[in-house]
Amino acid sequence: MGRVIVLGSINVDLETTVGAYPKPGEKVVGHSLSRYAGGKGANQAVAARRGGSEVVMVGAVGDDDAGRASLNRLFAQGIKLQVERIPLVPTGHAIILSDGHTNAIIVLPGANAKVGPNPLRPIRGLGEGDLLLTQLETPVDTVADAVRYARRYGARVMVNLAPWADLPADVIAAADPLVLPAADLPRLEASGVRPASLVVLRGKEGLEWDGQRFTGEVVPADQVADTVGAADALIGTLASAIVQGADKASAARAALAAAADSVRHAGAQPDPRL
């Protein structure tokens, strides 16, 4: 069985709940402050590992307490690390406001913006059976280089096109699958570029994979603790199922179940406090 190699962001999430989001110039009082492990890359790596796959995390953190805490937690999850520690640059952070139903997020890239070219070169034995999973919270040029490098060695590529960025056409075409929220589908269609396969995330309505719709559990509102990271749980689990040879239906069901489980706990990862 191959590995899931995750190139992506490693963040510390600072999350607070508010009665209502502030308007420009307005001050509101938060009701709590929690420090959680986060970052799309790390979230998806943890989900893939929980799905039973061998996982390698590729990225960067600062040479600070937040970076050390993040790496220690990933290592404790059984994730192999190819993570650079960047001096004089802080570990990435996300500031999350939640009103109990939705969330607003400010991302401070920090060391994630310093992931340099050729990030997969240290990965030994990269090839068929492996899957590269990446997102867009690290530099676009770095992501493009990694996708091309992985394909050169026969690895499958899965790209979570979030947050939206204009990727080179060959990178989009290599994605199998490309994963994006339904709101961004018109932008992809306008580009005229088609990925090898396409997964569209439709929230409570499930997901669509190359036109085939899959639905999962809709979690009752009174059981929803936090929606942050639900899509990452879905994507990491989907990658894990793919690398283990699951068919589309089985992979989609496992991914949707992971997303449903994710919203029942605070933070983007299970037991995420740092």
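**Figure 1. Packing of the buried residues of helix α2 in the predicted model**. The buried residues of α2 pack against the strands β2 (11-17), β3 (34-38), β4 (54-62), β5 (80-86) and β6 (92-98), and against helix α1 (40-50). Which residues of α2 are buried? They are Ala66, Gly67, Ala69, Ser70, Leu71, Arg73 and Leu74. Helix α2 covers residues 65-76, and at 1.5 Å a residue its 12 residues should span 16 Å. After α2 comes Gly78, which has a positive phi near 90°.

**Figure 2. Helices α6 and α7 packed against each other**. Two packed helices are described by the angle between their axes and the distance between the axes. Helix α6 is made of residues 230-243 and helix α7 of residues 248-262. Their axes lie 8 Å apart, and the packing angle is about 150°. Angles over 145 degrees count as roughly antiparallel, and α6 and α7 are therefore roughly antiparallel to each other. The crossing of the two helices is right-handed. On the α6 side, the contact is made by Ala230, Ala233, Leu234, Thr237, Leu238 and Ala241. On the α7 side, Ala251, Ala252, Ala254, Ala255, Leu256, Ala258, Ala259 and Ser262 take part. Of the residues in this contact, 12 are nonpolar, 2 are polar and none is charged.

Figure 3. Pro163 sits in the loop between β9 (156-160) and α4 (169-174). Where is Pro177 found? Pro177 is in the loop between α4 and β10 (178-181).

**Figure 4. Asn118, a residue with positive phi**. Asn118 is not a glycine, yet its phi is positive, near 60°. The residue lies in the loop between β7 (103-108) and β8 (131-134). Is Asn118 partly exposed or exposed? Its relative accessibility is 36%, so Asn118 counts as partly exposed.

**Figure 5. Asp271, in the segment after α7**. Asp271 has a positive phi of about 45°, although this residue is not a glycine. The relative accessibility of Asp271 is 69%. Exposed means over 50%, so Asp271 counts as exposed.

Notes:
Residues numbered from 1 in each chain as written. Predicted model: local features only at pLDDT ≥ 70, side-chain atom pairs only at ≥ 80, totals over all residues. Heavy atoms only, no water. Axes fitted to C-alpha atoms, helices over the stretch in contact; angles between N-to-C directions. Helix = DSSP H or I, 4+ residues; strand = E, 2+ residues; numbered from the N terminus. Parallel < 35°, antiparallel > 145°, perpendicular 65-115°, else oblique. Left-handed = near helix turned anticlockwise from the far one by under 90°. Contact = heavy atoms within 4.5 Å. Nonpolar A, V, L, I, M, F, W, Y, C, P; charged D, E, K, R; others polar. Buried < 20%, exposed > 50% of the residue type's maximum accessible area, 1.4 Å probe, protein only. Expected span 1.5 Å × (residues − 1).
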